[in-house]
Each structure stands twice: as structure tokens, then as C-alpha cells.
Amino acid sequence: MSASQTSPATPVPADDEPTLLVKIFGKDRPGITAGLFDTLAAYAVDVVDIEQVVTRGRITLCALVTAPEGGGNAEGELRATVHSWAESMRLQAEIISGLGDNRPRGTGRSHVTVLGHPLTAESTAAIAARITGTGGNIDRIFRLAKYPVTAVEFAVSGVETEPLRTALALEAAVRGVDVAVVAAGLQRRAQRLIVMDVDSTLIQDEVIELFAAHAGCEAEVAEVTARAMRGELDFEESLHARVALLAGLDESVVDKVRAEVRLTPGARTLIRTLKRLGYQVGVVSGGFTQVTDDLQERLGLDFASANTLEIVDGRLTGRVTGEIVDRAGKARLLRRFAAEAGVPLAQTVAIGDGANDLDMLNAAGLGVAFNAKPVVRQAAHTAVNVPFLDTVLYLLGVTREEVEAARTHE
């Protein structure tokens, strides 16, 4: 047989070729899928498409097959046989005649991840309506996780990613849910680089405030920090002003602060899962290497960069040394880490909460505002507003089952 005569490996019926959609419903039990196709095999049909969903022990199994040879009589026999088999299994069957394969998916394909705590019917309806309103079509929906949040993913076609992201960000803000929109394609599962802010992202604390508590100037430092994070003050100026208040502290305070640092819930799970998936993980911080170096060692991070507190003769001088890690510096470090990791910027994910994270969030392929200030939530690609850092995994298409598997196989 010549190459031009070779049959395709997967049957693709012509648009005018008769096909049958066989739908099975009922209580799930082992052997249903095998039983249906054993029944169909007697009629020598080809399988064009299959989809199966099990929800709370109830199965919906759909098989699109070519019509049997022999015309109406053969089709009538197939229908009778399938219904008889289904009845014997205490299932319901529906068979719909048609022509050809599924209609082609529209151009422009995206994954829309919705996080709710809880996810209400009202918010789900609103998100679905907004997708339709942009000209998109929902091709498939499945659940990624049921705890610590409910996470579902919509496969959407027919609309480009950016306008869909813009439309759904507005709806998410109104409905109080978190929505992430990323372009579909092989790159979603490719190796990635994840870079996080540290203070109030990877950890629950503001490190400089921990130092300030030991210096007796916590209130003064906290006020300057809050103004800087809201974008009201230049970060470098605020950094120097705050660090100056620490002058004279004994260097033994460093170990005390390291012991006081509290990881954000889900931080270990996030990093463990990413590492098992082959991702590289880094942190950039407007805080201090005296803490980030310790975190890098404890958590097995690939990259870490921060400011360095100057220590002379066993005491903090009230100054920092080296290159300042500010808003622009964080974006610069993201690019540097990506180059060292051999990962294109489009394959990077940045996570942060403050105004000094904005350049980094915008430079990354996906910027995630984590429990962020309003100005950051509005500017980032997506926002997560639940206190669990590992929920970021769902935005990458990782399921809760995969997270648990990573934990089990440590």
C-alpha cells in the first residue's frame, strides 16, 4: 500500500459520515467502560472520541463511534443491544445519530482556573456567563482540588487569552473569587521557574519589623513599611530610614529573628511539589540575606537574593551593603535567575504582595498577587486572596492528587 493509501492511525470521519453518540449514565462500578466497548465491538465500529466523568459515584460515559456497516438494520441492532446491556447493568443509555466528528474548537484557547472558599453556584454562573459574553466557549470543566479551597478549571476556546483575562478579572473582583487565565499549550507543562517575594508572601512576617521589635522601634518601622508597600514612599529611601533605626543591635539578634520567622501556610507544600515536578524555585526580597540565606538552605531553594545588613564588630551599623534589591531590582533578578536556569521569561511565575513586586509580576509570564494590596491586585495577571500559598499550584494546572502524591513519595 502506498503512503497516500495508508489509513490514518486515528479514524477521522468525514463531515457527512454517519456517527453515533452513545451516552451511558448511572451508578459507577468496575467494568462499565470495558463492558460498553465489548458490546460495541460486535458491530466493528471505530472509536472517534471518548469522555468519562465520575461525580459522587455516578458515571457519565460518552463514546462517539462510527455507524456500523449495514445501514439502518445494523444500527437498529446496535441500539437494541446497547440498551439491553445497559439495562442488565442497571444503567441508562441514550444513543444520538449525527454526522462527522465534534465541531472544531475555536481559535484562541485558554485554561481558566477558578478558586473559591467556598465556590458558590452564583459565582460559577457569573464566570461562565462572562466567558460566553467574550465570545468564548467552555469545552471542558473539571475539579483540581476540594481543599483547602475548591479549585476548578475551564478549558475555553474561541477568544484570545488577554481579553478573556481582562474580562474575568473584573468579574472575579465583583464575585469575591480568584480567577487565573493562562494560554493553553505545551508550555504550560514545560519546566518553569517560580520566583517569590519573601515578607508577607513566603513568610507571614515582615523581617525588618522582627528586627525592630528587638530594637524597641517596632511602631516606627511598621509605619514606614506600610507606606512603602502602598507605594507612597520610595522603597530605597524607606529601606535606609528603617535600617538606620536598627543601629547598635547585637548580631546575636539575627539568630533570634531566624527562629521567629513563620512560613506561610502551604509554603513547604508549594516548594516540595514544584521541586518534585522539576521546577526551579527562587526568592527575591527587600529584606535581608541574613534571613533569606537561611530560608534557601532550609527549603532547598535554587536562587535567593536580598539586601545585606552591615555588621561591624558584632553589631548592626544601621546600613546595608551591596546592590539594593528594590522594585526594579526584583524584576532584574527575575531575569537573571531565568537566564541562569535556562528558562524563557514566558515560562516564569512571580508571586508577591507589595508595590515593590509590581515590576517583577509584570515581567513574568504569570504574575500572581498573593493576598496583595489593592494596587497590586489590579496590576497583576491574577490574584489569590486565600491564606494558603500552595493554592498557586492549581493556577499551574497541578491537581490536589498530584500534591498529595508528592507528599507521599518524599
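Which elements each supply at least two residues of the lining of the second largest pocket? The reply is in point 4.

1. Basis. This is a predicted model, in which local features need pLDDT of at least 70 and side-chain atom pairs count only at pLDDT 80 or more, while totals for chains, interfaces and linings use all residues. Residues are numbered from 1 along each chain as its sequence is written, and side-chain values use heavy atoms, with hydrogens and water left out.

2. Sheet. Four strands form an open sheet in the order S6-S7-S5-S8, with antiparallel pairing. Strands (E, at least two residues) and helices (H or I, at least four) are DSSP runs numbered from the N terminus, and two strands pair if DSSP finds at least two bridges between them. At the edges are strand S6 (137-145) and strand S8 (178-183), each pairing on one side only. From one strand to the next the twist averages 20 degrees. S6 and strand S7 (residues 150-157) run antiparallel and are joined by seven bridges; asparagine 137 stands opposite serine 157 in S7.

3. Helices on the sheet. Helix H3 (residues 121-133) packs on the sheet and touches strand S5 (109-116), S6, S7 and S8; its direction makes about 15 degrees with that of S7. Helix H4 (residues 161-175) also packs on the sheet, touching S5, S7 and S8, and its direction makes about 180 degrees with that of S8. Contact here means heavy atoms within 4.5 Å. Axes are lines fitted to C-alpha atoms, for helices over the stretch in contact, and angles run from 0 to 180 degrees between N-to-C directions.

4. Second largest pocket. H4, S8, helix H13 (374-379) and strand S15 (382-384) each supply at least two lining residues. H4 gives the largest share, seven residues. The lining has 19 residues, and Ala169, Leu170, Ala173, Arg377 and Gln378 lie nearest the centre of the pocket. The space comes to about 490 Å³. A pocket is an open set of points on a 1 Å grid over the protein atoms alone, with protein on both sides within 12 Å along at least five of seven lines; a cavity is a set of points where a 1.4 Å probe fits but cannot get out; lining residues have an atom within 4 Å of a point. Grid points are joined across faces, edges and corners, and a volume is the space filled by probe spheres set on the points.

5. Largest pocket. Its volume is about 750 Å³. There are 30 lining residues, and Asp49, Glu51, Asn102, Asp139 and Arg140 are the closest to the centre. Strands S1 (18-27), S2 (47-55), S3 (58-66) and S4 (92-99), together with S5, S6 and S7, each supply at least two residues of this lining.

6. Cavity. The structure holds one cavity of 30 Å³ or more. The largest cavity has a volume of about 160 Å³. Its lining has 16 residues, with Asp199, Glu206, Phe235, Gly286 and Gly287 closest to the centre. S10 contributes the largest share of that lining, four residues.

7. Aromatic pairs. The count comes to two, where rings of Phe, Tyr and Trp (its six-membered ring) pair if their centres lie within 6.5 Å, and planes under 30 degrees apart count as stacked, over 60 as edge-to-face and the rest as tilted. Phenylalanine 211 and phenylalanine 288 form an edge-to-face pair, 6.0 Å centre to centre with 85 degrees between the planes. Phenylalanine 211 lies in helix H5 (residues 207-215) and phenylalanine 288 in strand S10 (residues 280-288), so the pair ties together parts that are 77 residues apart in sequence.
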